[in-house]
Structure formats: structure tokens, C-alpha cells
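Please look over the structure shown below before reading on.

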Amino acid sequence: MLPRSRTLPPRIHDAVVVVESERDVRRYQQVERQVQVGETKKMVVMSEEDDDGRAPRRTGTVWTAASHIITAVIGSGVLSLAWAIAQLGWVVGPAVMLLFALVIYFTSNLLADCYRTGDPATGRRNYTYMDAVKANLGGAKVKVCGCIQYLNLLGVAIGYTIAASISMMAMERSNCFHAKGAKDPCHASSNVYMIVFGIVQVFFSQIPDFDQVWWLSILAAVMSFSYSAVGLGLGVAQVAENRRLGGSAMGVAVGFVTKSGAVVSPAQKVWRNLQALGDIAFAYSYSIILIEIQDTLRSPPAEAQTMRKATGISVVVTSVFYLLCGCMGYAAFGDDAPGNLLTGFGFYNPYWLLDVANMAIVVHLVGAYQVYCQPLFAFVERRAERRWPEGLPGGEYEVAVGGWVRWKVSVFRVAWRTCFVAVTTVVAMLLPFFNDVVGILGALGFWPLTVYFPVEMYIAHRRIRRWSTTWVGLQALSLACLLVSVAAAIGSIAGVVLDLKSYRPFRSTY
């Protein structure tokens with residue numbers, strides 16, 4: 001869907017066209033009604049195309065939009081929430097999660113209002129996040145937004161590759177322990193599984209457009225609920241076995257000895273708290289693809305109205321799941337809550353249930369990878385078509401699959417998308433620090449893309465006066481979120497520095 005927006009014909013206002021001759025009717029459907037205007041009989045017909053000339057018309061609904069959001073949001077981030085709450089404690093942890101949910105819901109609605117320039121129902125569409133920034137802010141901010149957005153999408157792809165390899169290693173170790181017993185260390189390397197995940201993504205990355213990923217998105221959303229439910233159920237069982245709720249009001253204390261034998265120092269306590277903020281921010285972030293999701297919605301009703309409903313449904317669903325999984329994980333393991341919730345239950349019985357949950361994570365991450373990367377693929381390919389208007393290098397060929405399915409293959413698309421997947425896989429092999437990578441991603445993308453640009457675009461779009469009550473409130477929100485992002489980035493970078501001291505590239509084993 002996204003690549004087609006580059007060659008759209010002139011807009012057809014309000015999706016209704018008035019014509020006076022048979023020649024003008026041939027592009028449209030059968031006449032629905034006739035209206036008398038003086039002595040001239042004009043026919044009002046409904047277009048087969050959207051108001052911007054795109055055909056076929058968009059078919060997205062509140063439920064497809066909600067599935068895209070849930071696929072993007074309930075991902076690998078949910079697995080680190082028990083660890084994040086362990087750093088912050090029972091008082092601050094859940095409160096921070098609810099606060100981030102409210103901020104995401106509010107700023108997402110601001111951003112949804114900027115999908116159209118002018119009238120919310122018939123104004124000019126902005127097909128991408130960058131288009132919305134260009135229409136409302138312009139100038140150098142467009143390039144800054146593009147760099148941050150697409151670098152963040154690249155980072156998400158790397159983070160999801162790491163998360164998928166961790167789940168696949170967990171399955172291998174679970175089966176090994178079950179077959180050989182606890183005495184065998186059952187070491188596993190993440191590199192092989194990252195390469196396997198990369199090969200799978202090379203195949204799925206050939207899906208041309210965002211609108212053709214809907215089935216994979218729905219499947220991924222179902223998988224996310226599945227493994228979250230398994231984690232929640234195992235957490236409840238662990239709490240029942242312990243007969244008490246683990247954890248404390250203020251979280252991990254200075255002097256606490258971790259499972260690895262390390263002692264938490266005052267400085268590490270600060271870094272851990274800041275990193276936890278980044279993990280929670282990443283767990284809610286999806287604004288970088290909100291406009292692209294909104295561009296799949298049909299109208300009427302106005303896309304912003306549908307998107308507000310989808311956002312509300314998604315934020316409520318994800319918040320409930322996050323609180324249940326995060327809090328129950330902390331209650332089950334206390335201050336020793338693992339960075340990946342499912343790995344904390346060990347590798348023994350019910351090993352088969354853990355295998356099912358980890359497989360669901362992998363399937364979900366395959367879909368989430370595509371939901372995040374399709375906007376980046378579309379951006380590069382639009383630029384390439386402007387660079388080579390007569391045709392992309394290598395041309396396009398029609399391939400028969402199975403003797404009856406015909407599939408158009410672009411040589412440029414295959415080459416560029418394969419290179420992208422290869423780069424993300426290699427970088428993931430170099431930096432397999434799941435918690436720290438998650439925290440950095442949340443910090444880098446949260447303030448500029450989730451708060452700053454939506455706030456500034458909304459102010460420009462609605463022409464809010466400087467120093468008015470609304471303006472001051474929005475700027476105060478932006479400043480507060482900036483401080484949170486900077487703090488989270490510092491904590492996560494400090495965590496990566498500590499991990500690098502004991503890490504050798506391409507030799508990651510667990």
C-alpha cells in the first residue's frame with residue numbers, strides 16, 4: 001500500500017463526483033441517484049477509488065488497526081516488564097506503567113489528528129509520519145524526524161532478532177535438560193538462531209506492501225496473547241507454590257546479591273532504575289508506525305475517529321496484560337526477576353508448555369518485525385523510484401509459484417530487503433544484550449517520535465497560541481518526557497558498557 005502513494009492521481013473531493021456526460025462515467029460505478037439542478041440533470045456517483053484516487057479503496061477497520069497496534073506493542077517488551085518492576089518496586093513500578101499508558105494514549109490521539117491536513121474528513125492525506133511532519137512543521141524538522149524514525153525502526157528489527165534468538169535457545173536448552181538431566185550444562189549459541197530468524201525474514205520481507213501484511217499481523221497478535229497468557233499462568237502457579245508475594249515496595253536494594261553473584265552498588269541501582277524506565281517506554285511505543293497504520297483505514301467515518309477507537313482498545317488491552325504479566329512475574333520471582341520472564345521458570349516441567357510459549361514468541365516476532373520494517377522498506381523504495389523514474393535497476397519479473405500462483409518479483413526489492421535483513425542480523429550477533437538494547441530503543445524513540453513531534457504538529461495543526469494554557473500544558477508534558485528519555489538512555493548505555501567488558505563478538509552462549 002505505501003509504495004503506491006508515490007504516483008497518486010489528483011484528488012477527488014469527498015469521494016463524490018458530478019458529471020454531465022457518458023464519457024465521464026466510465027471510471028465509476030453505476031449511478032446511485034439523480035439530482036435536478038435547474039433544467040440540467042446531473043448524476044451523482046460514488047467513486048470506486050478513495051478521495052485521493054487510490055484504487056482499490058482502503059478497507060482497514062478499527063479491528064485491523066487494533067491488531068496492527070497490538071502486534072507492534074505486545075512484543076518482546078512484555079517479557080522484560082517483571083525485571084523493570086523489580087528495579088522500581090511495587091509502589092513506583094505499576095504507577096510508571098499506567099503513566100506511560102496515559103501518555104501514549106494522549107499523544108497518539110494528537111498524532112492521529114494530523115493524518116489529514118485541513119478538514120479531518122476530506123483534507124489532504126499524509127501517508128507517512130514524515131509526510132505529516134512536512135505538512136505541519138516543515139523545514140529541517142522533516143529530515144530530523146526521518147532520521148530518528150528510520151533509525152529507530154532499524155533498532156527495533158535488531159532488538160526483535162535478539163529476542164527471537166533468546167526464545168529459540170530457551171527451547172533448545174529446555175529439551176536438552178529434559179533429555180539429559182540437570183547435570184548437563186546444555187550450553188547454546190545465539191548466533192545460529194539469529195541466522196535462522198534472518199533467513200525467515202528474508203522470505204517474509206518480500207511481501208510488497210503494508211496492507212498485505214494484515215494476515216501476518218493478526219496471527220502475531222494471537223501469538224502475543226498466547227505467550228503472555230502462559231507467562232501469566234506460570235506466574236500464578238509460582239506464587240501459589242511460594243505461598244507469598246515476592247518483591248518489596250522500593251525494588252532491588254543496594255547490596256542485593258544477584259543470581260550471578262554480583263552485588264548491586266549504589267551506582268548500579270541508579271542505572272537499573274533508569275534502564276527500567278526505558279524498558280517500559282519501549283513496551284508501549286508504536287507511534288513511529290501510527291500514521292502508516294492509519295493510512296490503511298477506510299472512510300467514512302473519518303480516519304482519526306477510527307484511529308482513536310483503535311488506540312483506546314489497544315492501550316487498555318496492552319495495559320491490562322502488562323500489569324498482569326509484569327506484576328505477577330515480580331510476585332513470582334521477587335528481586336531476582338529475570339530479564340526474559342519465560343526463562344525464569346527454568347527448563348524443566350512443564351517444559352512442553354515453555355516450548356509452546358517460546359515458539360509463540362518467535363512467530364509473533366516474525367510478524368512484528370514486518371509491521372515495523374514495512375514503512376522503512378516503502379520509504380527506501382519510493383526514493384529509489386524517484387531516482388530511477390523509468391524503472392528500478394534489475395527490472396521486475398513474473399514468477400509462477402506452484403504452477404498457478406503468479407508473483408511479481410522486483411530484483412531491486414529482493415536485493416535491498418535481503419541486505420537490510422543481513423545487516424540487522426549481523427548487528428544483533430554483535431550486541432546480544434536484550435535488556436540494554438530494549439532500554440536504548442525505548443529511550444531513543446520515546447520522546448521525539450511519541451511526544452515531541454505529535455505535540456508540535458498538533459499545536460501547528462490547531463494553531464494554538466503561544467503561552468496559552470493548552471500550549472503551556474503540552475510543552476510541560478514534552479519537557480517531562482524528554483527528561484525521562486535522557487535518563488533512560490543514560491541507564492541503558494551504562495548497562496551496555498558493563499556488558500561489553502565481559503563479551504566477545506560472535507561468541508555468545510547461554
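Which side chain meets that of Arg 462 in a salt bridge? The partner is Asp 113, at 3.6 Å from N to O, where a salt bridge is a side-chain nitrogen of Lys or Arg within 4 Å of a carboxyl oxygen of Asp or Glu. This is a predicted model, in which local features need pLDDT of at least 70 and side-chain atom pairs count only at pLDDT 80 or more, while totals for chains, interfaces and linings use all residues. Residues are numbered from 1 along each chain as its sequence is written, and side-chain values use heavy atoms, with hydrogens and water left out.

**Salt bridges**

- Helices (H or I, at least four residues) and strands (E, at least two) are DSSP runs, numbered from the N terminus.
- Asp 113 is buried at 16% relative accessible area, whereas Arg 462 is partly exposed at 45%; buried means under 20%, exposed over 50% and partly exposed in between, with a 1.4 Å probe and protein chains only.
- Glu 303 and Arg 125 form another salt bridge, at 3.0 Å from N to O, which links helix α9 (residues 303–333) with strand β5 (residues 124–125) across 178 residues, and both of these residues are buried.
- Arg 417 and Glu 381 pair at 2.8 Å from N to O, joining helix α11 (residues 411–430) to helix α10 across 36 residues; Arg 417 is buried with a relative accessible area of 0%, and Glu 381 is buried with 6%.
- Salt bridges that share partners join Asp 113, Arg 308 and Arg 462 into one network.

**Cysteines**

- The structure holds zero disulfides, a disulfide being a pair of cysteine sulfur atoms within 2.5 Å.
- For Cys 147, the nearest cysteine sulfur is that of Cys 145, which is 9.2 Å away.
- Cys 373 counts as buried, at 1% relative accessibility.

**Positive phi angles**

- Most residues other than glycine have a negative phi.
- Arg 463, which is not a glycine, has a positive phi of about 55°; Arg 463 is placed in the loop between α12 (434–462) and α13 (469–500) and counts as exposed at 74% relative accessibility.
- Trp 467 lies in the loop between α12 and α13, has a positive phi near 65°, and counts as exposed at 64% relative accessibility.
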